[in-house]
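Good morning, and thank you for coming. Please keep the structure in view while I speak, and follow the residues as I name them.

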Amino acid sequence: MPATAEHLNTTFAALADPTRRAILARLALGEATVNQLAEPHDMSQPAISRHIRVLSEAGLIVQRIDGTKRPCRLAPGALSELRPYL
């Protein structure tokens, strides 16, 4: 099923930010917690959490609850629907 224009706009808007692209690159290596994702960036944990929310709403990542931690990982096949547009 092809992606809708609205979904594509949301996805490309999420990918437009260099911090969010860096987060996706890190998650390509494997699951990471919010604190692990925040480490290489000069910004607060709440700011990283906002980036994670944008990526999650775009369907690019998923989070799970593990006690007090919320590990993130790439959403399966999230970028495959973009291939025709790249």
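Let me begin with a term: two residues are in contact when heavy atoms of theirs lie within 4.5 Å. Two remarks on the source are also needed. This is a predicted model, in which local features need pLDDT of at least 70 and side-chain atom pairs count only at pLDDT 80 or more, while totals for chains, interfaces and linings use all residues. Residues are numbered from 1 along each chain as its sequence is written, and side-chain values use heavy atoms, with hydrogens and water left out.

First, the overall picture. The protein chain has four helices and two strands; here helices (H or I, at least four residues) and strands (E, at least two) are DSSP runs, numbered from the N terminus. Read from the N terminus, the order of the elements is α-α-α-α-β-β. The radius of gyration, taken over C-alpha atoms, is 13 Å, close to the 12 Å that the globule rule gives for 86 residues, so the chain is as compact as a globular protein of that length. That rule is 2.2 Å times the number of residues to the power 0.38. Among contacts between residues at least 6 apart in sequence, 53% join residues at least 24 apart.

Next, let us turn to one helix. Thr11 lies in helix α1, which spans residues 5-15. Is Thr11 buried or exposed? Thr11 counts as buried because its relative accessibility is 1%. Buried means under 20% relative accessible area, exposed over 50%, and partly exposed in between, using a 1.4 Å probe and protein chains only. Leaving aside neighbours within four places in sequence, Thr11 is in contact with Ala58, Leu60 and Leu82.

The buried residues of α1 are Leu8, Thr11, Ala14 and Leu15. They cover an arc of only 130 degrees around the axis, and therefore sit on the same side of α1; the arc is that of the directions from the helix axis to the C-beta atoms. On the face turned away from this buried side, α1 carries the exposed residues Ala5, Glu6 and Asn9. The cover over the buried residues includes α2 (18-27) and α4 (45-57).

Now to the interior. A nonpolar core is a set of buried Ala, Val, Leu, Ile, Met, Phe, Trp, Tyr and Cys residues joined through side-chain atoms within 4.5 Å. The largest such core has 20 residues, and those touching the most other members are Leu27, Leu37, Ile48, Ile52, Leu55, Leu60 and Ile61. Two or more residues of this core come from each of α1, α2, α3 and α4. Not counting residues up to four places away in sequence, Leu37 touches several residues, including Ile23, Ala32 and Cys72.

Finally, the charged residues. Side chains of opposite charge can pair when their charged atoms come close. A salt bridge is a side-chain nitrogen of Lys or Arg within 4 Å of a carboxyl oxygen of Asp or Glu. How many salt bridges does the structure hold? There are two. In one of them, Glu31 pairs with Arg64, with the closest N and O atoms 2.8 Å apart. Glu31 lies in the loop between α2 and α3 (34-38), and Arg64 in the loop between β1 (61-63) and β2 (72-74), so this pair ties together parts that are 33 residues apart in sequence. Arg64 also forms a salt bridge with Asp66, where the closest N and O atoms are 3.9 Å apart.
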